[in-house]
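Biologist: I would like to learn how to read a ligand site in a model. Please take me through one.

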Amino acid sequence: MLSEMTKHAERCAEIVRLTSEALVVSHIDADGLTSAAIIGRALEDAGIEYSTVFVKQLGETELSKIADTNPPLTIFTDLGSGVLSEIKELGITAVVSDHHQPSTTDTLPARDELISHLNPHLFGLNGSRELSGSGTTFLLAQALSRERGGDKKRGLPSLAVVGAVGDLQHLKDGRLTGANRTILKIGAENRELSYAPDIAFFGKQTRPIFKLLEYATDPYLIGLTGNEDACIAFLKGVGIRLQGERWRRWIDLEKKEKQRIVSSLIQHQMKKGVSPQRLERVVQEVYTLEDETEGTELRDAQEYSTLLNATARYDRAEIGFNVCMGDRGGALEEAERLLKEHRRNLVSGMKFVKENGVVELEHLKYFDAGNRIRDTIVGIVAGMSHSIIGDRDLPIVAFARASTPHEREELKVSARATQHLIHKGLNLGAAIHIAAEKVNGTGGGHDIAAGATIPLETKDEFIQYLNEEIKKQTKKQTTG
Ligand code: C5P
Ligand code: C5P
Ligand code: ZN
């Protein structure tokens, strides 16, 4: 329950208040950056000095480095729940504010002499849908600044919503639910956030309308996605003027024009035989950051989170972090440049998958990108290509060569599932955790999305173990 979790957040905040200095260790994605900024702002308010480190994962190397510097308190955000015993063994005094599934072998209580653990899964909340890392950290930040009154909290709900949307937590229901929604409402009450159903596609604030359709992957628009000419023709066909003084963007359209496009798209998809359930996905709840300038990425939670990923996933986390902390000058400019590169990489990653296809086994499909897709974005590409490749509804598993600080060569694994598969009993995080351990790798995550790092030569073995685990999970459900 959220109220229990909030109470526990108070206890974690008490531990934080005892220190005058902290190290914040966070994850290199949108949720990780917003988490770090949320706790950063709260630490500033509380007069606690801090520095930040952003990591791809918390392996032995990363943890030993932290243990060596021996900070009085380490606050892990958007990661840590999978390695509680390792943190403890190294003697790191820590507050872990995370939403990943705690590793099953861990029996540490939520509060230990060294570690305080704040995680929605401990309170019966679903960390892959109902609360993100940034939302979890929002609860901690709120507890930390509770005695200082509310006015300083402006901006934090917005960051928490950007983090949740970055982790795609709004996808299942087409809107944020659970504890995420509670935070959204706080932001709406502050008038820093607004929300309304709108077209689902990416780039409403910044891109020409036809680009919105051309790059649509979720849902995939049959005959339109990937085909610029077809998108332009489609829009002209429904009577939309594409250019004013410049290319018109979604936000430049009249309400009537928007409605016309949405209903034409739904009809278009219907004619192509898309199921009614999927048709609805063209519309989703959309989150607007009212304090940001119209027509910039920062105005829209989805675009903001992609901007952050474009920094963090390319070893430039500090840029995105500074944007979250309010830098609208140099950091924003650099982030926008990185975003262009990120977009190009996603397009070429998708092209790779389309051209090379996937291998289908009984319980999963996979592709190996080798060096062709960066290990830090291969999961995003896997998620985007889900609807486009393979005939059956199977989880998709992607491999890429890992660029790790280790001597041994490693493979990065990223896997994505669907709600339908979860319904059948699938839990990718648990399956990957087990399969990775069997080949001396490490992995975990959420039911719908998970990842691992494994020794290069164990790929085939790993695939077999994973296939087996998934079989067990989904069979259990259908027979039991
Ligand atoms: O590390 P972490 O929690 O940040 O990442 C969550 C991941 O789950 C994101 O990469 C997000 O894209 C993925 N996800 C997904 N589909 C969903 C929900 C989450 O691919 N419906
Ligand atoms: O890296 P990727 O986007 O595929 O990660 C999907 C999910 O799996 C994320 O929530 C990530 O934090 C988690 N993960 C993990 N352990 C790893 C790799 C990824 O828990 N070694
Ligand atoms: Zn997260």
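Biologist: By class, how many nonpolar, polar and charged residues does the shell around ligand 2 have?

Modeller: This is a predicted model. The shell around ligand 2 has ten polar residues, three nonpolar and two charged.

Biologist: Which of the 15 residues around ligand 2 come nearest?

Modeller: The nearest are His100, Lys412, Ser414, Arg416 and Gly451.

Biologist: Which strands each supply at least two residues of the shell around ligand 2?

Modeller: Strand 11, spanning 410–416, does so, as do strand 12 (442–445) and strand 13 (449–455). Strand 13 gives the largest share of the shell, with five residues.

Biologist: How much of the accessible area of ligand 2 does the protein cover?

Modeller: The general idea is that the size of an interface is often given as the accessible area lost when the parts come together. Ligand 2 on its own has 460 Å² of accessible area, and the protein covers 81% of that.

Biologist: Into which domains is the protein divided?

Modeller: Domain 1 runs over 2–192, domain 2 over 198–289 and domain 3 over 357–479. Between the C-alpha centres of domain 2 and domain 3 there are 31 Å.

Technical notes:
Residues are numbered from 1 along each chain as its sequence is written. Chains are lettered from A and ligands numbered from 1 in the order in which they are written. This is a predicted model: local features need pLDDT of at least 70, side-chain atom pairs count only at pLDDT 80 or more; totals for chains, interfaces and linings use all residues. Side-chain values use heavy atoms; hydrogens and water are left out. A residue is near a molecule or strand if one of its heavy atoms lies within 4 Å of it. Accessible areas come from the Shrake-Rupley method with a 1.4 Å probe; for residues, only the protein chains shown count as cover. Helices (H or I, at least four residues) and strands (E, at least two) are DSSP runs, numbered from the N terminus. Ala, Val, Leu, Ile, Met, Phe, Trp, Tyr, Cys and Pro count as nonpolar, Asp, Glu, Lys and Arg as charged, and the others, Gly among them, as polar. Domain bounds come from an automatic or database domain assignment.
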